Amino acid sequence: MNFFAQAAWINGQWSHDVRLTVDQNGLWSAIATDQACQPDDARVGVILPGLTNAHSHAFQRAMAGLSEQGSAAGDNFWRWRQAMYQVALNISPAQLETVATWLYAELLSQGYTHLCEFHYIHCDPKGNPYADGAEMSWALVRAAQHVGIGLTLLPTLYQHRGFDRQGLQTDQRRFASTPESILAIRDQIQHHAIQEKKPHLLNAGVAIHSLRAVAQTELEALVQASGQHPIHIHVSEQQKEVDDCLAHTGLRPIEWLCEHIGLDHRWNLVHATHTTPTELTQVAQAQAAVVICPITEANLGDGIFDLTTAIDTSLNCSIGTDSHTNRDWSAELRSLEYSLRLTRQVRNVASREATGFRPTGQALFEMALRGSSAAAGLPLAGIKVGERADFFELDTQANPLAGLTEESFIDALIFSTPSNKPKHVYVAGELKTADMPRLTALAVKTMHGLWQSS
Ligand SMILES: [Zn+2]
């Protein structure tokens, strides 16, 4: 299959009159610029590579917008977590599949072509294992396959309520897991991907909920069996978590990981909000990566990621929508940049010497793209031979791109709002469309059922 693009974002710049060939595995097999369109080529306009949403808890889409009221006691992350647990306790496999299908279709329509699902609801509502330990995981796999978005499932180990290593709280009973149960889910998903002949669309790694939720021996057992697949962990999201880690171990969370486990290219540290420059430098030197979730971090009052140290140390970074209060990648990148402008009282924070002072929007987009492959464990590094043929076509005649030249397109998508949706989205060389009115109606019915049972 051949495409002919008027312009394509390749290796961090625009190329023109591009012929692109997709092989039978959905990967780019040939790319040539300044070509003539051939009769059988599928013509597309101006295209950007698809982005990976590197951190998702799909079930939390069901509560977006429902936790925005304060009280005399104040509000913080830990109160929000109590509300989130009510959804986690009640959602059935069928409800999860419906909500996830709706969410994934919306993410795809925005230009996300892959997502990493950090998945920790494993047991039934009473806290007993399902007959198939991957029951809830399959709901997510079916949702992704229905929509056609790529998926890296990250079954998540969660064994303790805190650093004192007591067991789970009653309202955490559905998260119960062991290294063996997590690895069994991972193996089932990987086997399924091979059976379905979709090794480039479906992958499975593992995740550790957080250092407070897993003891060292349990963590080591999981890491040793991880092979070359991605390992994700929530780390240093809240100051309290850093303080608790210091109190129990004498080290900050990333310091502890570096000293007791050792980071490498498989590791994706989610949030890494409260860090020292030394910690981020250690992560970069280990070739590990960070997943930033700017709007969830803002929504939960987490804090602001140290983007400038990340850029200056060439730290591999990706973005995620986490709790899904936002589903638009351009808003995530805008939020990240604006948080820093407001706190530092400067402009164009991401446009730095380390990236040749390239325009801020381009620098942020390239950063998110660069972290995609590490987060997903798949070839998702953009429009290059050997990478998956994921891309989306811009509507250059509509706001906010109308009247601009292509050099400003990425900046305008991020900083001129409201941004616009892609005209078309392709995954592994195939056009993807979704019946959003039908998926929305199903999700609304499901959410009403979920609230009645909460
Ligand atoms: Zn998370």
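Trainee: Which residues in helix 11 and helix 12 meet?

Mentor: From helix 11 come Trp329, Leu333, Leu336 and Glu337. From helix 12 come Thr360, Leu364, Phe365 and Ala368. This is a predicted model, where local features need pLDDT of at least 70 and side-chain atom pairs 80 or more, while totals for chains, interfaces and linings use all residues. Numbering starts from 1 along each chain as its sequence is written.

Trainee: What makes 329-344 and 360-370 helices 11 and 12?

Mentor: Both are DSSP runs (H or I, at least four residues; strands are E, at least two), numbered from the N terminus.

Trainee: What angle do helix 11 and helix 12 make?

Mentor: About 115°, with axes 10 Å apart. Axes are fitted to C-alpha atoms over the stretch in contact, and angles run from 0 to 180 degrees between N-to-C directions.

Trainee: How many residues of this contact are nonpolar?

Mentor: Six are nonpolar, one is polar and one is charged.

Trainee: Where are the two domains?

Mentor: Domain 1 is 2-48 + 387-437, and domain 2 is 51-376. An automatic or database assignment sets these bounds. Their C-alpha centres lie 28 Å apart.

Trainee: How many residues of domain 1 are in contact with domain 2?

Mentor: 22 residues of domain 1 are in contact with 24 of domain 2. Contact means C-beta atoms, placed from the backbone, within 7 Å. Helix 14 gives the most to domain 1's side, with five residues. That side has twelve nonpolar, four polar and six charged residues.

Conventions. Contact = placed C-beta atoms within 7 Å. Nonpolar A, V, L, I, M, F, W, Y, C, P; charged D, E, K, R; others polar.
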